[in-house]
Amino acid sequence: MDWFLLLTPDEQEFIHQLVLKSGSLKKLASFYQVSYPTVRLRLDRLIEKIKLIENNKSSNFEARIMQLVVDKKLSFDLAKEIIELYKETDR
């Protein structure tokens with residue numbers, strides 16, 4: 001469960017609340033006082049982040065770069081280019 005430790009405290013708390021609310025996104029939306037689609041979007045982003053962490057266990061750098069893509073702070077194409085350059089310099 002290394003992926004859990006790589007999440008931010010807010011993300012860890014979100015998962016904690018999701019479990020306490022028996023997985024109900026409706027109850028979670030009520031708890032956070034936001035709409036259901038907002039909670040769904042947050043969960044979808046968290047799922048993508050966990051998948052990236054799991055798929056990139058060998059490269060923490062790659063996982064962090066791809067997280068920027070998930071957070072929409074970096075384009076996918078630019079992220080791929082950065083990772084390729086990183087791999088070239090790592091050889």
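Predicted model: local features only at pLDDT ≥ 70, side-chain atom pairs only at ≥ 80, totals over all residues.
A pair of aromatic rings is described by the distance between the centres and the angle between the planes. The structure contains four aromatic pairs. In one of them, the ring centres of W3 and F4 are 5.8 Å apart and the planes meet at 85°, so this pair is edge-to-face.

## The aromatic cluster

The rings of F31 and Y32 also make an edge-to-face pair, with 5.0 Å from centre to centre and an angle of 85° between the planes. Together with F14, the residues F31 and Y32 form one aromatic cluster.

How accessible is F31? F31 has a relative accessible area of 41%, so this residue is partly exposed. Y32 counts as partly exposed as well, because its relative accessibility is 26%.

## Helix α4

Helix α4 covers residues 36-55, which makes 20 residues. From the first C-alpha to the last, α4 reaches 28 Å, close to the 28 Å expected at 1.5 Å a residue.

Which residues of α4 are buried? They are V39, L43, L46, K49, I50, L52 and I53. The elements that cover these buried residues include α1 (2-5), α2 (9-20), α3 (25-32) and α5 (60-70).

Methods: Residues numbered from 1 in each chain as written. Heavy atoms only, no water. Phe/Tyr/Trp six-rings, centres within 6.5 Å; stacked < 30°, edge-to-face > 60°. Buried < 20%, exposed > 50% of the residue type's maximum accessible area, 1.4 Å probe, protein only. Helix = DSSP H or I, 4+ residues; strand = E, 2+ residues; numbered from the N terminus. Expected span 1.5 Å × (residues − 1). Contact = heavy atoms within 4.5 Å.
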